[in-house]
Amino acid sequence: MNNTLRAALWMIGAITAFTSMAIAGRVVSAELNTFEIMFYRSLTGIAIVLCFAKYAGTIRQIGGNRRRLHFIRNIFHFAGQNLWFYALTVIPLAQVFALEFTTPIWVVLLSPLILKERLTAIGLLCAALGFLGILIVARPDPATLDLGILAGAACAVCFAFTAIFTRKLTRTESITSILFYLTVMQAVFGGICALIYGGGQITLPSFAGLPLVILIGVAGLMAHLCLTQALSIAPASVVMPIDFVRLPVIAIVGTLLYQEPIDALVFVGAGLIFAANYINITRGQRAQHN
C-alpha cells in the first residue's frame, strides 16, 4: 500500500471523527452547556491518554518544565473549542467547518509575531485570498450581527494560536506530554467555568447523553491522532485537500439530519480558503526543497 493511500485512509478516520464530534456536540448541547461538554470530554481524554501512555511506555515523558507554555496554549484551545461548540448550535454545520478552515491563514499572519518567522509576499497573498473566502462564507451584515458567525470566525483565530504554541512545545516536549497537559488543563478550565456558570453546580449527563459525551472525548483525540498520522506519512499538500472533504460531508449530514439548506456560496468561499491554504503549503514545500 503506497503512502498516499495510507494517508487517505487515516484522513477518512479523521473526517469521521470530526463529523461524529460535531453531531454529538450539537445533540448533547440540549442538556449540557459548552463548559460542561469540555469538562466531560477532557475527563474522557485524561483516561485515554494515561492508558495509551502506560501501554506505549511513554508516561515518563510527561515533564513539568514548560507548564507556563502549556497553560497559554490550552487557554487558547479551551476558548476556541468552546466557541466551536457554541457555533455548532446556532449556525449551519457547513458554515462552522468552512470558517474553521481559515485557521492556517491566521497561522501565517500570527507566526511572525510569536515564532519570529518571516512573513512572505505569498503568505500575504494567501491571507488576502483566505479573507475573501471568509467574507463570502460569513456575508457579515452590521445590521444583523450574527454571534454564531463571530464565534465560528473567532474559534479559528484561537485554534491558530493553539497551533503556533503547539509548534513551540514540540521543540522540547513529547506528544504524550502535550496531550496530558491538554486534557488535564482543559478539565480544570471546564470544571471551573461550569461551576461558575451553573451557580456552583455541574449538570450530570443523562443516561442517553453519557455515550455522546464519551464519543466527543474519544472522537476529539482520534481526529487529531489520525490527522497527525496522515501528515507523518504524506506531504501536507496531499493531506490537506483530503481534509477539505469534511465540508461536503458535513453539509450533507446537516441537510439529512437538520434540514439545513446547502448554500452554494459557502462552498465558493470555502474553495477560496482551500486555494489559499493549498498555495501556501505547496509554495512552502518548494522553498524548503530549493
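The model is a predicted one, so local features need pLDDT of at least 70 and side-chain atom pairs count only at pLDDT 80 or more, while totals for chains, interfaces and linings use all residues. Residues are numbered from 1 along each chain as its sequence is written, and side-chain values use heavy atoms, with hydrogens and water left out.

On to the overall fold. The protein chain has 12 helices and 0 strands, where helices (H or I, at least four residues) and strands (E, at least two) are DSSP runs numbered from the N terminus. Read from that end, the order of elements is simply α-α-α-α-α-α-α-α-α-α-α-α. The radius of gyration comes to 19 Å, close to the 19 Å that the globule rule gives for 290 residues, so the protein chain is as compact as a globular protein of that length. That radius is taken over C-alpha atoms, and the rule is 2.2 Å times the number of residues to the power 0.38. Along its principal axes, the C-alpha trace spans about 50 × 50 × 40 Å.

Of the 290 residues, 46% are buried; here buried means under 20% relative accessible area, exposed means over 50%, and partly exposed is in between (1.4 Å probe, protein chains only). The protein chain exposes about 14200 Å², with carbon and sulfur atoms supplying 69% of it. These areas come from the Shrake-Rupley method with a 1.4 Å probe, and for residues only the protein chains shown count as cover. As for contacts (heavy atoms within 4.5 Å), 88% of those between residues at least 6 apart in sequence join residues at least 24 apart.

The largest nonpolar core holds 57 residues, and Trp84, Phe85, Phe97 and Leu247 have the most contacts inside it. Helix α1 (residues 3-28) gives the largest share of this core, 10 residues. Apart from it lies another core, of 10 residues, with Leu69, Val107, Phe161 and Phe165 among them. A nonpolar core is a set of buried Ala, Val, Leu, Ile, Met, Phe, Trp, Tyr and Cys residues joined through side-chain atoms within 4.5 Å. Looking at Trp84 itself, and not counting residues up to four places away in sequence, the residues touched are Phe18, Met21, Ala22, Val96, Phe97, Glu100, Cys155 and Phe159.

Leu169 is buried, at a relative accessible area of 0%. The two leucines, Leu169 and Leu69, are 100 residues apart along the chain, yet their C-alpha atoms are separated by 7.4 Å. With residues up to four places away in sequence set aside, Leu169 touches Arg66, Leu69, His70, Arg73 and Ile178.

Leaving aside neighbours within four places in sequence, Glu36 is in contact with Glu31, Ala194, Gln201, Ile202 and Thr203. Glu36 and Gly64 lie 28 residues apart in sequence and 27 Å apart in space, C-alpha to C-alpha.

Asn82, in helix α3 (residues 67-90), is buried at 8% relative accessible area.

Towards the end of helix α11, things open up a bit: Leu257, in α11 (residues 246-258), is partly exposed at a relative accessible area of 47%. Leu257 and Gln95 are 162 residues apart in sequence and 15 Å apart in space, C-alpha to C-alpha. Gln259 lies in the loop between α11 and α12 (264-289) and is exposed, with a relative accessible area of 61%. The phi angle of Gln259 is near 55°, a positive value in a residue other than glycine.
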